[in-house]
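Welcome, and thanks for taking a look at this one. Please have the viewer open as you read.

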Amino acid sequence: MDFGSYETLIVEFADGVATVTINRPEALNALSREVIDELAKVCDLFSGLGDARREDGDGANRGGAGADDDGAWPVRGVILTGAAGKAFVAGADIREMTSMSPDEAVAYARSMHAVTLALEALPVPVIACVDGYALGGGCELALAADFIYASESAQFGQPEVNLGLVPGFGGSVRLPQRIGLGMARELIYTARRLTAHEASSLGLVNGVFPTREQLLAAAAATIREIATKSPTAVAFAKRSINEAVGRTTAEGLDVEANAFRAAFETEDMKEGTEAFVAKRSPVFPGR
Ligand code: CO8
């Protein structure tokens with residue numbers, strides 16, 4: 001399977017799990033413009049998963065490594081992590097930022113907004129594996145994943161006010177959504193850091209693991225567990241949850257009803273319900 005070649009990322013694939021590693025350990029994996037461009041390319045690669053088979057899609061199989069010739073689901077989930085060392089990602093690249101005009105800085109922020117939205121739009125789950133610092137843009141990148149697992153050494157924070165800045169890659173939107181307004185305000189105004197266990201107690205992190213190896217293994221195991229389910233149903237569930245965020249209850253229920261209808265029309269639904277009645281394990285066709 002060809003994932004292309006990258007200067008700042010390592011993209012690996014095994015057993016349905018794609019692992020995307022941001023590889024700039026000399027700068028604590030900071031999100032340079034090149035990293036952001038390459039993350040956008042990877043998102044594009046995976047965005048076509050299941051298109052040829054999803055009832056709601058445009059029927060086009062965009063090909064690439066994300067979708068094979070049959071439009072099946074070779075990639076069942078993505079792990080997003082940073083190269084081993086001190087950091088998951090220590091934020092936006094502060095050195096690059098120092099020479100930017102306000103317009104360039106906003107374009108830089110916008111390019112990362114696009115990446116975070118693209119990650120949320122992927123039809124497969126994305127798990128951020130945070131080992132070391134997830135600061136500023138690093139925390140914001142992790143927040144764009146479906147959920148976050150952390151190692152004991154993880155530290156989370158939005159230290160932008162130390163630099164005379166505000167969160168610029170979505171932190172002022174997604175952090176309050178994840179941990180509540182009051183706690184998000186306190187963290188952003190003080191630039192305090194959270195340990196992995198503190199982040200876990202706030203619901204920012206779903207699981208804390210002793211070592212980096214155990215962290216990555218746990219995320220891969222969760223993706224493989226999800227891979228035993230209907231891929232179309234998981235994709236509709238992800239879309240439904242993301243589209244309902246920030247809406248009224250009534251609007252959110254409309255979003256859910258649309259997703260439910262779309263799922264109801266799939267062959268996966270037919271197979272899943274028939275298998276239940278026949279007391280056998282389902283074999284989901286993924287369409
Ligand atoms: N950008 C660029 N280089 C970095 C960054 C970064 N964010 N973080 C660390 N580095 C570099 C250091 O400059 C150093 O390089 P060198 O060896 O060449 O001097 C190397 O990585 C190692 O770092 P340290 O020596 O500082 O390592 P320490 O273990 O002493 O400290 C820390 C680790 C605490 C993580 C420290 O490096 C630090 O505080 N880093 C900055 C953290 C931060 O403030 N992040 C937020 C950045 S702002 C942001 O993300 C806003 C996003 C929205 C931007 C929107 C654009 C408009």
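Below is a short tour of the core, the sheet and the ligand site. Keep in mind that this is a predicted model. The largest nonpolar core takes in 71 residues, while 24 residues surround the ligand.

**Nonpolar cores**
- Within the largest core, the residues with the most contacts are Phe46, Val78, Ala134, Ala142 and Ala150.
- Helix α1, spanning residues 33-47, is the top contributor to this core, giving seven residues.
- Leaving aside residues up to four places away in sequence, Ala150 touches Val130, Ala196, Ala199, Val205, Val208 and Leu215.

**The sheet**
- Four strands form an open sheet with mixed pairing, in the order β4-β6-β8-β9.
- β4 (87-89) and β9 (193-195) stand at the edges with a single partner strand each, so one side of each has no neighbour in the sheet.
- From one strand to the next, the twist averages 20°.
- Strands β6 (residues 133-135) and β8 (residues 155-157) run parallel and are joined by three bridges.
- Ala134, one of the residues with the most contacts inside the largest core, has Phe156 in β8 as its bridge partner.

**Around the ligand**
- The closest residues to the ligand are Ala30, Gly91, Gly136, Gly137 and Gly168.
- The shell around the ligand draws at least two residues from each of α2 (94-97), α3 (102-121) and β6.
- By type, the shell residues comprise 16 nonpolar, four polar and four charged.

Note on methods: Residues are numbered from 1 along each chain as its sequence is written. This is a predicted model: local features need pLDDT of at least 70, side-chain atom pairs count only at pLDDT 80 or more; totals for chains, interfaces and linings use all residues. A nonpolar core is a set of buried Ala, Val, Leu, Ile, Met, Phe, Trp, Tyr and Cys residues joined through C-beta atoms within 7 Å. A residue is buried if 20 or more other C-beta atoms lie within 10 Å of its own, exposed if 12 or fewer, and partly exposed in between; C-beta atoms are placed from the backbone. Two residues are in contact if their C-beta atoms, placed from the backbone, lie within 7 Å. Two strands pair if DSSP finds at least two bridges between them. Axes are lines fitted to C-alpha atoms, for helices over the stretch in contact, and angles run from 0 to 180 degrees between N-to-C directions. A residue is near a molecule or strand if its C-beta atom, placed from the backbone, lies within 6 Å of it. Ala, Val, Leu, Ile, Met, Phe, Trp, Tyr, Cys and Pro count as nonpolar, Asp, Glu, Lys and Arg as charged, and the others, Gly among them, as polar.
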